[in-house]
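I opened this entry to look up charged side-chain pairs. The notes below follow the order in which I checked them.

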Amino acid sequence: MADKGKMDQAKGKAKEAAGKLTGDNRMKAEGKMDQAKGKAKEAMSEAEEQARRAAENLRGKKG
């Protein structure tokens, strides 16, 4: 999912830049929202991975 987050961030940057060039404030705002959504997806993916590693470590210490 981290790749999807990166894609959303890139798409958002492109939208924001297009909005700035054309003076379209709505597109610029959508671009910022896409970037924020991408960062959130990336953070969630990292948290899931850390939880997965922690669970694996706990399982390994029991056995």
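I started with Glu-49, which forms a salt bridge with Arg-53, the closest N and O atoms being 3.7 Å apart. The model is a predicted one. I then checked the spacing: Glu-49 and Arg-53 are about one helical turn apart because four residues separate them in helix α2.

Next I looked at how other pairs connect. Lys-15, Arg-26, Glu-30 and Asp-34 belong to one network, joined by salt bridges that share partners.

Within helix α2 I looked up Arg-26 and Glu-30, which are four residues apart, about one turn of the helix. Their salt bridge has its closest N and O atoms 3.4 Å apart. Arg-26 has a relative accessible area of 65% and counts as exposed, because the cut-off for exposed is over 50%. Glu-30 is partly exposed at 33%.

I then turned to Asp-34 and Lys-15, whose side chains meet in a salt bridge with an N to O distance of 3.2 Å. This pair links distant parts of the chain, 19 residues apart: Asp-34 sits in helix α2 (residues 25-62) and Lys-15 in helix α1 (residues 2-22). Is Asp-34 buried or exposed? I found Asp-34 at 8% relative accessibility, so it counts as buried, the cut-off being under 20%.

Last, I noted the total: the count comes to eight salt bridges, taking a side-chain nitrogen within 4 Å of a carboxyl oxygen as the rule.

Notes
Residues are numbered from 1 along each chain as its sequence is written. This is a predicted model: local features need pLDDT of at least 70, side-chain atom pairs count only at pLDDT 80 or more; totals for chains, interfaces and linings use all residues. Side-chain values use heavy atoms; hydrogens and water are left out. Helices (H or I, at least four residues) and strands (E, at least two) are DSSP runs, numbered from the N terminus. Buried means under 20% relative accessible area, exposed over 50%, partly exposed in between (1.4 Å probe, protein chains only).
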